Amino acid sequence: MRIIDDVKLDFKDVLFMPKRSTLSSRKQVSLERTYTFKHSQKQWQGVPIMAANMDGVGTVSMAKALASHKLFTTLVKSVSAEEITQLAQTISPHHFAVSTGTGEADWQRLQDILRDNPHITFICIDVANGYSESFGDFVAKVRNLYPNHTIMAGNVVTADMTQELILRGADIVKVGIGPGSVCTTRKQTGVGYPQLSAIIECADAAHGLGGHIIADGGCTNPGDVAKAFGAGADFVMLGGMLAGHDEGEGQLIEEHHLTQQLDQATQQPIIETKRFVQFYGMSSDTAMKKHHGGVAEYRSSEGKTVKIPYRGAVQATILDLLGGIRSTCTYVGAQNLKQLSKCTTFVRVTQQINNIFS
């Protein structure tokens, strides 16, 4: 047994320190990045924010909406081959990835999709635990068959495994174990790593090899997304922040509640209708029953199912998110997103916001 004594940080533990800036308006800040990936040698340009490959988030409708803002979507594994083919004819392949697990059925599905859609360039190899030897072997197998595709792989939280996956063929490593809003891995297993420190350490390891990382999970507001970029993330992946919208294609749940107010005409209590959308982790009971027929006897659920308020179209959320990050850049003097990490000084805090009226 060994204990690491140095402090590891999460988003809640820091704030950006403001600095002098020559920027006079948020309009002057560019959020687009241009990357060239280590193995595929493909160049990508856009706003490096990704929708997670989760039910209710990584959908075809979400991909279309985000692509109009130059954002990216990792499609959930259950999207059909037919839907992917139609999407590939609608938006640029630079704005979405096909997701796969490591099983035989997953491997065959991936090959079928890429055979029918040779211009798709992004593959996301996604498992909960990226530390197994078999996972590294699978990444190497995919790289061997698809040398010109850009491969994302994860999830991990440490520098050594980030380097290992890049050396096995991953262009981009997904970083995050347990920080998601509907993930219960830390509760069920006691395994994890504070997300901000994971990003800092994994980004340093990846960039030293010419690779890239995705900060996957833990962001609850635009400020957290900005902190992930400030810590060195090349991409930030969002689940809960993009859930609950029309584009998530989830079923609306309506609830009717009696209020304390009376209708003036009838003097009867006014009934208020509230609308919600179900959101769940991809290792939850709900997801496993939907996609696999139930939870296997040898494992437990590592996700939860919640109801979140219905949020309408995703457009307003996107604009709020991008506006918040631009504002961060103006506070620290970064003229574009590329400069944000260079302009970042984090200060440790014990409290971030005043909750008196929350």
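Strand S13, residues 269-280, and strand S14 pair in the antiparallel sense over 5 bridges. By pairing I mean that DSSP finds at least two bridges between two strands; strands are DSSP runs of E of at least two residues, helices are runs of H or I of at least four, and both are numbered from the N terminus. Within this pair, Phe276 has Pro309 in S14 as its bridge partner.

Before I go on, a word on the source. This is a predicted model, in which local features need pLDDT of at least 70 and side-chain atom pairs count only at pLDDT 80 or more, while totals for chains, interfaces and linings use all residues. Residues are numbered from 1 along each chain as its sequence is written, and side-chain values use heavy atoms, with hydrogens and water left out.

The strands S13 and S14 belong to an open sheet of 3 strands, in the order S12-S13-S14, with antiparallel pairing. Its edge strands, each pairing on one side only, are S12 (252-262) and S14 (305-309). Neighbouring strands of this sheet are turned by 40° against each other on average, direction ignored.

Cys219 lies in the loop between S10 and helix H8 (222-230). Is this residue buried or exposed? Cys219 counts as buried because its relative accessibility is 12%, the classes being buried under 20% relative accessible area, exposed over 50% and partly exposed in between, with a 1.4 Å probe and protein chains only. Leaving aside neighbours within four places in sequence, Cys219 is in contact (heavy atoms within 4.5 Å) with Phe11, Asp224, Val225, Val236, Leu238 and Met241. Cys219 and Ser181 are 38 residues apart in sequence, and their C-alpha atoms are 8.5 Å apart in space.

Finally, the helices. H3 (residues 104-116) and H4 (residues 133-145) pack at an angle of about 20°, with their axes 13 Å apart. That makes H3 roughly parallel to H4, a class for angles under 35 degrees; axes are lines fitted to C-alpha atoms, for helices over the stretch in contact, and angles run from 0 to 180 degrees between N-to-C directions. In this packing, Trp107, Leu110 and Gln111 of H3 meet Phe138, Lys141, Val142 and Leu145 of H4.

Conventions:
Angles under 35 degrees count as roughly parallel, over 145 as roughly antiparallel, 65 to 115 as roughly perpendicular and the rest as oblique.
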